[in-house]
Every structure is written in structure tokens, then in C-alpha cells.
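Hello,

Here is the structure we talked about handing over. Please open it first, then read the notes below.

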Amino acid sequence: MPAADTTASARTESRTPPAERPAAAPAAKYLGWLFAVAIAAAAFNLRPVVTSLGPLLDQVRDDLGMNPTLAGLLTAVPSLCFALFGFAAPAAARRIGPIAVITAGMGAITAGVLARSFAGGTAVFLLFTALALAGVAVSNVLLPVVIKRYFPEKVGPMIGLYSMALSAGTALAALVSVPLTSSLGGDWRYGLGSWAALGALALVLWLPLLIARRERGERAAGAAAPARLPITRSRTAWAMACFFGLQATGAYVVMGWLPKIFQDSGIDKGTSGVLLAVTMVIGVPVSFVLPNLAARRGDQRLFVVVLASCGIAGYAGLALAPAGAPWVWSVLVGLSNCAFPLVLTMIGLRARTAGGVAQLSVFAQGVGYLIAVPGPILIGRIYDVTGEWYWPLGFLALLLVPQMLFGLRAARARHIEDEAVHPAQRARA
């Protein structure tokens with residue numbers, strides 16, 4: 001998920017002299033191509049840590065003795081890691097530079113994915129999964145920073161490349177995890193561990209960039225920190241954080257549990273992986289179109305309602321007849337998950353300045369991911385107690401009601417700078 005694009009760009013961008021930019025010299029042109037390939041490779045690695053696991057979750061649970069509640073904890077780990085390490089990434093980039101942090105992130109992904117495939121118990125598996133997700137979190141935050149710093153004239157195309165690679169990695173991992181595991185002898189350890197090869201490839205691409213740029217952090221470069229807003233005074237900021245958290249809850253439950261839901265209805269593992277891939281792929285074209293449409297309107301309340309309605313219909317279908325029209329339910333749930341690009345667009349529209357956007361993004365995503373942590377755990381617990389998916393899916397559909405309400409509040413055309421001020425300042429104004 002490109003979850004803190006605006007945040008990291010505004011908080012960690014340093015002023016790079018024109019001579020240091022990739023297009024400034026012929027030799028730097030080739031470095032620019034290496035940057036582009038490395039960015040795509042890194043983005044490709046940001047979701048297979050999660051989506052490769054879903055289709056194989058039953059095998060992992062059986063082998064490690066993991067009950068449904070612990071499996072729910074496993075699906076909650078991404079949100080927790082994104083919240084904790086997402087907060088830390090801009091500060092780390094200010095100290096040592098974003099390229100160094102991303103390179104370390106690729107190393108963490110590679111090591112975590114490989115090591116967890118040799119885990120002998122649930123605790124170790126969770127620990128190394130968290131290591132990989134820490135790498136995902138910091139890279140997800142800082143890749144857009146590198147784009148803005150080194151491709152200042154091509155931000156749009158490079159963000160498009162980043163988004164396409166991220167979506168492709170998400171869908172491919174869900175699609176091929178089962179057949180890949182089967183081709184490697186049917187052992188989930190080889191199937192999951194093989195994704196470390198892609199992380200290693202990305203690491204190999206980023207190491208020469210780290211050496212070539214010899215980048216310094218913003219503090220070393222003397223950049224000034226942006227002015228701080230008392231953002232907790234803004235009702236729009238709180239509504240945005242809650243909207244972000246609730247949509248993330250649904251997204252990570254889907255990535256972690258959707259294949260299991262289909263498999264329990266009699267659909268084979270391979271097809272369940274393809275159905276998960278459908279929910280991911282549907283977001284690729286929508287993610288390109290929706291932000292442009294949303295930005296043209298004064299508010300985005302119509303889109304909030306439409307996407308939530310798709311989710312309610314999709315979850316109802318999964319609860320009542322999962323094998324009846326699985327492709328339809330996958331498409332509807334995938335459309336509902338497009339609340340993610342919508343909320344990122346709204347974050348950019350709800351502040352007047354780049355500094356305001358940055359602070360809103362840190363607040364909304366940090367608080368939002370913390371809100372999302374209990375959801376997958378609770379879903380696993382409900383399934384553990386009831387032994388069926390009717391009640392967990394009903395709970396997810398119910399969560400879309402407050403998501404819609406918070407989204408309607410966050411989608412109104414106003415700015416946090418008008419709300420995030422001290423009462424005395426508001427009275428003088």
C-alpha cells in the first residue's frame with residue numbers, strides 16, 4: 001500500500017542542486033535509468049510479504065500449530081509495523097538519507113522472508129515476518145522521497161511506475177504462490193522463501209546507488225524542519241485517521257483471510273489465490289482514474305459512499321454464497337479497497353500547504369494503522385469461536401458503516417489549517 005507518499009516527500013526532501021540531478025550529465029543519465037529500475041524492483045517487493053502468505057495460510061497454520069486467533073494476529077502485524085516504522089522512517093531519512101534507509105529496507109525484506117521460511121514455531125515466524133514488514137514500511141514511505149528528489153521533472157511518470165510495480169507484485173504473489181509451491185515439492189517453506197530472491201535482486205540494485213550518491217541526511221545538509229500544527233485540534237484530521245484505519249482494516253483482512261474464506265467454501269487453493277489476485281488487480285486502473293476524478297470535485301463524499309456500498313455488497317455475497325459468484329464478490333471487495341487511493345488523494349486536498357499535507361499524512365496514516373491492528377485479530381477470534389465465516393464477514397460489513405460516516409466527514413471541502421489552530425488564534429481571526 002503507497003501509504004505515506006506525501007508525508008515522506010514533504011518531511012524528508014532536501015534541496016538538491018541541479019548539478020546533482022540525474023539529468024545533469026551524460027553519466028548521470030545511466031544512473032537515472034538504474035534509479036528507475038531499482039525503484040520498480042523495490043516497489044514490487046512491498047506486498048508479496050503479505051499476499052504470498054494468504055493462499056498458503058492453512059499449510060503454515062497446520063505445520064506451526066497456529067490457531068485462528070494467532071493467524072489473525074499474523075494478518076494484523078502489517079498494520080502494526082506500518083504504523084510504528086512509518087513514524088520512524090522520516091527521522092531515519094533525515095539522519096542518513098532515504099537511499100540508505102531504503103537499501104536497509106530491501107535487506108530487511110530479504111532476510112525476513114528467507115528466515116521465516118525456516119521458522120520452527122509461531123513466535124519465530126511472527127518475528128521474522130515483522131522484520132520483513134519493517135523493511136516494507138520504511139521503503140513504502142521513502143520511495144516517493146527518492147522520486148521527488150532525483151526525478152523532480154518526472155514525478156508523475158515515476159509515481160505511476162512505482163504504483164504499477166507495487167500493484168503487480170501484490171497481484172503476482174497472490175496468483176502464483178500456490179503453483180510455485182507445488183512446483184517446489186509442495187512445501188510452503190520453499191514457496192514463501194523463494195520470494196526472498198526478488199528482495200535480494202532489489203538489494204543488489206540499491207547498493208550501487210547508495211555508493212554512487214553518497215547521500216547525506218537533511219540534518220547534515222542544514223535543512224529546516226517545517227512548522228508544526230496542533231493537528232490534534234482538527235476534526236477533519238481525526239476523521240481522516242479513522243477513515244484510513246477502517247479502510248486499512250478491511251484491506252488487510254482481505255489480504256490475509258480471503259483465500260481461506262474461499263477454500264472453506266470448497267474452492268481449491270489455486271483458484272482462491274487467483275481470486276485474491278483479482279481483488280488486487282482491479283485496483284490498478286481504478287487507482288489511476290479515481291484520484292483525478294476525486295480531485296476535480298469540491299468534496300469526495302460520492303466516492304466514499306460508492307466504495308463503501310461495493311464493500312457491503314461484496315461481504316454480504318461472501319457471507320451468504322461465497323462459491324455462488326466468487327468472481328463478482330472479489331471485484332466488489334477489490335473496488336471497496338480502492339478507498340486507499342481515495343484517502344491518499346483526500347489527504348492532499350485537505351491542507352493548504354505542503355507542510356500541512358505532510359503533517360496530516362503522518363497523523364492520519366500513523367493513527368490509522370494503529371486503529372487497523374485489532375481488526376484482523378478480532379476476525380480470527382470470531383472465526384475461531386463460531387467456526388464459520390458468516391459472523392466475521394458480517395462484522396466487516398458493519399465496519400463499513402462507521403467508515404462511511406468518517407469518510408463523509410473527511411471528504412468535506414475544508415482545510416486542517418483552519419481547524420488546527422489555538423482557540424486564541426481562531427478568535428483573533
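**Helix packing**

The crossing of helix 12 and helix 20 is left-handed, meaning that the near helix is turned anticlockwise from the far one by less than a right angle. The contact (heavy atoms within 4.5 Å) involves, among others, F243, L246 and V253 of helix 12 and L396, F406 and G407 of helix 20. By class, it has 13 nonpolar, 5 polar and 2 charged residues. Nonpolar covers Ala, Val, Leu, Ile, Met, Phe, Trp, Tyr, Cys and Pro; charged covers Asp, Glu, Lys and Arg; the others, Gly among them, are polar.

Helices are DSSP runs (H or I) of at least four residues, numbered from the N terminus.

**Source notes**

This is a predicted model: local features need pLDDT of at least 70, side-chain atom pairs count only at pLDDT 80 or more, and totals for chains, interfaces and linings use all residues. Residues are numbered from 1 along each chain as its sequence is written, and side-chain values use heavy atoms, with hydrogens and water left out.

**Aromatic pairs**

The structure holds 9 aromatic pairs (ring centres of Phe, Tyr or Trp, its six-membered ring, within 6.5 Å). F125 and W188 have ring centres 5.8 Å apart and planes at 75°, so they are edge-to-face (over 60 degrees). Both are buried (under 20% relative accessible area, 1.4 Å probe, protein chains only).

Best wishes

Technical notes:
Helices (H or I, at least four residues) and strands (E, at least two) are DSSP runs, numbered from the N terminus. Rings of Phe, Tyr and Trp (its six-membered ring) pair if their centres lie within 6.5 Å; planes under 30 degrees apart count as stacked, over 60 as edge-to-face and the rest as tilted. Buried means under 20% relative accessible area, exposed over 50%, partly exposed in between (1.4 Å probe, protein chains only).
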